[in-house]
Amino acid sequence: MTRPIIIDTDPGQDDALAILLALASPELAVLGITCVAGNVPLDKTTINARKVCELAGRSDTRVFAGASGPLSRTLVTAEYVHGKSGLDGYELPDPVMPLQEQAGVDFIVETVMNAPAQTITLCALGPLTNLGLALQAEPRLGERLQEIVLMGGGLFEGGNTTPAAEFNIYVDPEAADMVMHCGAPVTMIPLDLTHQTLTSDAIIEAFRSMPNQTGPASAGLLDFFERFDVEKYGSQGGPLHDPNVIAFLLQPELYGGRVINVEIETASALTRGMTVADWWGVTDRVKNVNYLRHVDVDGYWALLQERLATLR
Ligand code: BDR
Ligand code: CA
């Protein structure tokens with residue numbers, strides 16, 4: 001049986017590979033892609049999501065525009081990581097497929113509330129604004145979802161946007177706070193895990209040498225994406241964050257973690273968006289998150305390569 005998912009995203013090169021992995025995987029049915037402002041503004045994320053669907057030969061995928069900015073904060077973007085377009089590194093043609101007319105938040109609410117209970121998984125790859133708005137519109141949404149799997153936060157690795165905060169949570173901490181307490185099972189994939197899934201020359205070459213168009217396009221995107229970390233941190237490659245969300249759905253045995261309490265800092269200016277993760281169980285706060293910390297890195301790259309090779 002295929003697992004129905006909604007992908008909420010702000011592409012972004014790593015979002016792009018996550019979308020490709022989902023579209024390449026027969027175990028998943030992508031009901032729709034809802035875009036949000038994050039890595040780049042909404043007008044670009046909605047274009048980028050459609051470029052990626054067309055690259056995969058899946059222009060039948062429904063792409064929706066969501067929120068153009070956080071619930072109550074000024075939008076922060078990350079062109080310094082992803083380039084001006086958000087998808088710098090490979091020139092993909094402007095999309096021909098239309099953007100859906102329905103608002104992304106309405107699509108989430110309508111789809112989840114009309115489906116049988118606990119059958120839809122929400123895969124969140126960007127700031128959680130769309131989900132926050134959907135929860136404001138329909139507070140029963142959380143208990144109707146099968147699961148929320150999100151890339152965001154960090155404990156042991158600290159933050160990548162401030163010393164305390166990871167980008168997706170930093171951009172919209174109020175939305176993240178709503179998600180952590182919405183009643184859905186939440187699986188969180190933090191920097192502690194994604195900083196292990198680093199690109200390398202050999203990995204990028206494996207994508208470049210695929211005899212299809214998706215492989216070389218992915219290689220171009222990865223080349224650009226890794227340059228930020230290589231130049232800034234002298235690391236071996238760049239951390240390919242977002243495809244971990246999809247890979248976890250496909251092969252959960254690659255992942256390990258603990259169910260713990262995670263709270264979001266929304267009050268302090270200094271630590272805005274910090275994920276206060278009680279890994280050591282030093283509080284008696286309610287355990288609300290499946291916090292993943294370990295990944296079989298070779299298994300992750302093998303899965304990505306095997307699946308993307310099947311696209312056109
Ligand atoms: C997250 O922020 C974005 O830059 C990436 O797409 C990823 O979702 C990593 O902090
Ligand atoms: Ca993202």
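In the predicted model, Arg208 and Asp223 are joined by a salt bridge, with 2.7 Å between the closest N and O atoms. Arg208 is partly exposed, at 32% relative accessibility. Asp223 is likewise partly exposed, its relative accessibility being 32%.

The structure holds eight salt bridges. One of them pairs Glu27 with Arg307, whose closest N and O atoms are 2.8 Å apart. Here too the pair links distant parts of the chain: Glu27 belongs to the loop between helix 1 (13–23) and strand 2 (28–35), whereas Arg307 belongs to helix 13 (residues 297–308), and the two are 280 residues apart. Glu27 has a relative accessibility of 32% and counts as partly exposed. Arg307, with a relative accessible area of 10%, is buried, because this value falls under the 20% cut-off for burial. The contact between Glu27 and Arg307 is part of a network of salt bridges that also includes Glu306.

A further salt bridge is formed by the side chains of Arg140 and Glu138, at an N to O distance of 2.8 Å. Arg140 is partly exposed, with a relative accessible area of 49%, so this residue stays below the exposed class, which requires over 50%. Glu138, in contrast, counts as buried at 11% relative accessibility.

Definitions and conventions. Residues numbered from 1 in each chain as written. Chains lettered and ligands numbered in written order. Predicted model: local features only at pLDDT ≥ 70, side-chain atom pairs only at ≥ 80, totals over all residues. Heavy atoms only, no water. Salt bridge = Lys/Arg side-chain N within 4 Å of Asp/Glu carboxyl O. Helix = DSSP H or I, 4+ residues; strand = E, 2+ residues; numbered from the N terminus. Buried < 20%, exposed > 50% of the residue type's maximum accessible area, 1.4 Å probe, protein only.
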